[in-house]
Amino acid sequence: MYKNLRWKVIAIVAVAALAIRRVYPPQDRLKLGLDLQGGIQLVMRVNTEEALTYETETTAAQLQESLSTAGVTTSSVRPSNLTTFVVEGVAPDKDAQFRQLAQDQVGLTFDRESGVGGSYTFRMKPNVDVDRRREAVAQAIQTIDRRVNELGVSEPIVAPYGNDGNQIVVYLPGVSDIPRAKEMIGKTALLELKMVEQGPAPDQATLLAATGGAVPPDMEIIPGLSSSAVGQPATPSFYLVRRLAAVTGNDLRTARATVDTFNQPAVSFTLNSQAASRFGEITGTSIGRQLAIILDGRVESAPVIEGRISNEGQITGTFTQAEVTDLSMVLRSGALPASLTPQYENSVGPSLGQDSIDAGVQASIAGLILVALFMVFYYKLAGFNAVITITLNLMVLLGFMAYLGAVMTLPGIAGFILTIGMGVDSNVLIFERIREELANGKGPRQAVAAGFDRVFVTILDTHIASLIAAAFLFQFGTGPIRGFATTLFFGLISNVFTAVFASRTLFELSLSRKPGAAKLSI
Amino acid sequence: MQILSKTNFNFIKWRWHAIALSAVIIIAGVGTIVMQPGGLKLGIEFSGGTELLLRFEQPVSEDAVRGALASIQGEKSVQRYGAAADNMVLVRLPQLLQVETGQTLDDGAESVLQLLRQANIGAFTPDRTDIVGPAIGADLRSKGIWATITALAGIMIYIALRFRFTFAVGAIVATLHDVVICLIFLNWFGYELSLNIIAALLAMTGYSVNDTIVVFDRVRENTRTMRKDNLEPLVNTSVNQTLSRTVITAGTTFLAVAGLYLYGGEALEGFAFTLLVGIISGTYSTVFIAAAIALVLTKPTAPTQSGAARARAKGKS
């Protein structure tokens, strides 16, 4: 009687089976958003200007070194802002040589402008500016990614955020120790080992007494703490150290938590082979002098070099066991290229998320049951038809979500409720139309056929309009709005399949079993 | 069983009353929003600031919490959250204590936690922390507005393409009407405009447009069988023919959302409230506003069909 009825039924059963297979077991297959399983979301700005300053300063320092090696005298080479540095007092007879050298050395990254009296301004090329900023953000993302992996977070997301190009979003679902996670992500962890020239001294004036009150050009002052004996409170102190680091965090092969000779928590590190030979040379010639171990611009300790050290070292200080564990982790992950400014933080405890799931699921089920009771009461057997197709719709929707790895959020649950609403609406539209056709004197078969045919256009119109809205919501929305848009979008698509195709098949199935039926239970 | 079968209410007769009623509500509501200090209340993600949801182990009074936080400068709010048995308190600092530099974003949150621990009013855990810096607040605001505008515009363009122009205007006015009514009721009932509420508003928009499309589709269908030179009875018949569907869909969706409102927990309450208002307003605007506006705008002597309807009519016959 009806063509291909068997194949239609098989198709529907297959879709249902596929959906269930995708979703089962739900706790493994469905990804939960922050609001449902707890965790933390951070948005941070990478202070990319620091990366530019670093580039400018290093370039200036390297040029100065090359110039003095080549015997080109200048009165000064100094950075003037983020992206420019100024060379002054180039001797007139060395001008050609200076230009040649500058061209070779920095020509690729800086534009040169001539001023009066042998002064030159070097300005970073715009494309280099853009590149360095982009690299800083990319490197920050990589570093944070390594750190959250060290933390053992399952399915973290570390990604660029926003349109400015310098923001990063970090999602750590399921993390419970939120302060620690924040600390681990935000720490710059720039490790530098520098030779101490003077110090420690309780204030800067004392420190500079030996050098005539001024900081020599190749040195700098770094603050730190000095504890004379174990158990004594540490006092602030200052060190005069060489500007050029003997070893930095980039030279590390690995780092791990350990204890020092006093059985205090410490971090031991191993250098890579290149750094090891350099370090061996420096320490071999500096026995008896102090080496400052500087972390994020603060001297942690300044041990006396007692012998040649090649590839191993230890960072000691006043650390707790937890601190050395975390410090060794961030050292292994590498330093951030620039500091981060937090801009947004949203953290949710695990119990709140569970409460929300329970409430949302209960409410959804309650809603579904109420709707089902009404449909069966009002439309009799056809009402069962509606309940079956709406349930199928929800199953297909869950299958879609699991297949796409879409994240379930609180508004996503609300999207499920709305999907139920859309399913009900489509069924009601069709049933009312069938009733109308029956009232106009059509037989059950003709009424069902006319009902579905006529209403199909309306259903398409309503669904396309809503799909357009969902697509824009997804495109321009953020977090919760997106979760809602995703659910709505796939709910609408699966609803067309279930409310039109599956529902019609069910009607035809029941009509084909009673070929002579004069009445339709609707 | 059947309710509302073969109705023949004269909805169109009441169109001016309906428009007047809506105008009164909108003027009163918008007036309230404009007059109240600060205008429409915005959620933490749009306004920026710090919000902490604290779960106490023992019952605690809001005044005790407020007292403990007395030393924090500036405006702040402390209120009970959820059921009384949950012992949850929501603390909100509308502005960040520090400028958004360095690691100081969470200074406000940290000082709240510290002061409460010192005050010794019982053990608690922070269940949720939201700290929104000014840059992100502005970003979320503009994204929320853009999402709303583009989604609405997308729907409108689709309706304009599918139906005759005056009907599209009717649908647009009806939908904007529903959005404004929802905002007004949210404001009257003390809900803040948050990201979740925006999602609900847009869901409601989809629902309202849905309703309108059903009626307009029927009008389009009826233009093939009824006299086209007098739109008034044509539209009125279409509204009546789809009335039982409108009422049943609204009723069942209302039931489902009412479940969400009552049992969905604090987090979904505002969302569900928006949908409840939207369903009522959407149904009302479909029956009274959308068709009425379309009628008012359509010149009685210009019964041209839309291109789409004509094409389809040709294909069918």
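What percentage of the 522 residues of chain A count as buried? The share is 46%, where a buried residue has 20 or more other C-beta atoms, placed from the backbone, within 10 Å of its own. This is a predicted model, in which local features need pLDDT of at least 70, side-chain atom pairs count only at pLDDT 80 or more, and totals for chains, interfaces and linings use all residues. Residues are numbered from 1 along each chain as its sequence is written, while chains are lettered from A and ligands numbered from 1 in the order in which they are written.

**Chain A**
- Chain A has 14 helices and 19 strands, taken as DSSP runs (helices H or I, at least four residues; strands E, at least two) numbered from the N terminus.
- The radius of gyration of chain A, over C-alpha atoms, is 35 Å, whereas a compact globule of 522 residues would have one near 24 Å, by the rule of 2.2 Å times the number of residues to the power 0.38.
- Along the principal axes, the C-alpha atoms of chain A fill a box of roughly 110 × 60 × 35 Å.

**Contact between the chains**
- Chain B gives 60 residues to the contact and chain A gives 57 residues, with two residues in contact if their C-beta atoms, placed from the backbone, lie within 7 Å.
- On the side of chain B that touches chain A, H5(B) gives the most, with 14 residues.

**Strand pairing across the chains**
- Strand S18 (residues 340-348) of chain A and S4(B) run antiparallel and are joined by five bridges; strands pair if DSSP finds at least two bridges between them.
- A:Glu345 stands opposite B:Ile131 in S4(B).

Conventions: Buried ≥ 20, exposed ≤ 12 C-beta atoms within 10 Å, placed from the backbone.
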